[in-house]
Amino acid sequence: MKNATLETANYGNWLGMKFIYVTGTLGVLFLVWALFSPALIIPAVVFLAIMGYFFYARHVFSYSGKSLQSQISALVLDNLNWQGNGKALDIGCGNGALVIQLARNYPKASIIGIDYWGKGWEFSQSDCERNAKLEGVQERVSFQQASASQIPFPDESFDVVISNLVFHEVMDAPDKRELIREALRVLKKGGKFVLQDLFLIEKYYGKKDDLLDLMNQWGVGQVEFIESRNAPFIPKALKLPFMVGTLAMLVGQK
């Protein structure tokens, strides 16, 4: 029997362990306090129930669990109509999953992934580079640190721009619609884009029709709004507003 196992890529988890640790700790603390004040059993049960929900959600998202994370990510590339010649950009690449899959699907393409890789996430540039090497695509992909609010490339640099569940997390952009505009800035005229985020949150993006009208004013040639929250593989328990219940895609051509 071999003592070592083959090294595999690690794409992290969208739901950090901090949610489980915090709610679990509060639940235990209230449970202890309930020994002296029985009424505190109620918040104890509530926090422990929330911890259980987050534990379930993390398992469902996990690549080693139900792999919902990879299924949701796959929707981006499933809706990308591209011949695979040229340069592509993934905004908010995390641990490089979409960059690597894009490189696999389009062996003639050159792909760049950018991310801020802030604290509290299970993602890093070194993990991206390690994953790309393990998947055998390191020669055609690259990664660099950057914010989605200030993409460090000239106008019309890319033939394709994609992004998955990133824009709502960008803290230095109060108006999330400007992140869409910035993504389109670096896309060539006639280039393809697939952007997936919590686009049904109106306080971030406004009403769907208003958002599409705004994109038309920016000169976008074609755009379709797809409510990916309705994907049949997403469990009902995760279609809550604070999970992926507001998930949608902007798919089109500049």
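**View A. Helix H6 and helix H8 make a right-handed crossing.** A crossing is right-handed if the near helix is turned clockwise from the far one by less than a right angle, and left-handed if anticlockwise. The model is predicted, so local features need pLDDT of at least 70 and side-chain atom pairs count only at pLDDT 80 or more, while totals for chains, interfaces and linings use all residues. Residues are numbered from 1 along each chain as its sequence is written, and side-chain values use heavy atoms, with hydrogens and water left out. Helices (H or I, at least four residues) and strands (E, at least two) are DSSP runs numbered from the N terminus. The axes of H6 (residues 177–185) and H8 (residues 208–217) cross at roughly 35° and come within 11 Å; axes are lines fitted to C-alpha atoms, for helices over the stretch in contact, with angles from 0 to 180 degrees between N-to-C directions. On the H6 side, Arg177, Ile180 and Leu184 meet Leu211, Leu214 and Met215 of H8, where contact means heavy atoms within 4.5 Å. By class, five residues of this contact are nonpolar, none is polar and one is charged (nonpolar: Ala, Val, Leu, Ile, Met, Phe, Trp, Tyr, Cys and Pro; charged: Asp, Glu, Lys and Arg; polar: the others, Gly among them).

**View B. The buried residues of H6 are Leu179, Ile180, Glu182, Ala183 and Leu184.** Buried is under 20% relative accessible area, exposed over 50%, and partly exposed in between (1.4 Å probe, protein chains only). The partners of these buried residues include strand S1 (86–91), S4, strand S5 (187–197) and strand S7 (248–253). Helix H7 (202–205) and H8 are also among the elements they pack against.

**View C. H3 passes helix H4 (residues 97–105) at an angle of about 45°, with the two axes 11 Å apart.** That angle makes H3 oblique to H4 (under 35 degrees is roughly parallel, over 145 roughly antiparallel, 65 to 115 roughly perpendicular and the rest oblique). The crossing of H3 with H4 is right-handed. Ser73, Val76 and Leu77 of H3 meet Leu98, Gln101, Leu102 and Asn105 of H4. The classes in this contact are four nonpolar, three polar and no charged residues.

**View D. Helix H2 covers residues 41–61.** From first to last C-alpha, the 21 residues of H2 reach 30 Å, close to the expected 30 Å (1.5 Å times one less than the number of residues). Buried in H2 are Ala44, Tyr53, Phe54, Ala57, Arg58, Val60 and Phe61. These residues pack against helix H1 (17–33) and helix H3 (68–78).

**View E. Ser163 lies in strand S4 (residues 158–164).** Ser163 is buried, at 1% relative accessible area. Beyond its neighbours within four places in sequence, Ser163 is in contact with Val76, Asp90, Ile91, Val194, Leu195 and Gln196.

View F. Most residues other than glycine have a negative phi. Phi of Glu156 is near 55°; this residue lies in the loop between strand S3 (141–145) and S4 and is partly exposed at 41% relative accessibility. Leu165 has a phi of about 50°. Leu165 sits in the loop between S4 and H6 and is buried at 16%.

**View G. Pro152 is in the loop between S3 and S4.** Pro152 is partly exposed, at 40% relative accessibility. Not counting residues up to four places away in sequence, Pro152 touches Gln144 and Ala146. The C-alpha atoms of Pro152 and Phe199 are separated by 24 Å, with the two residues 47 apart along the chain.
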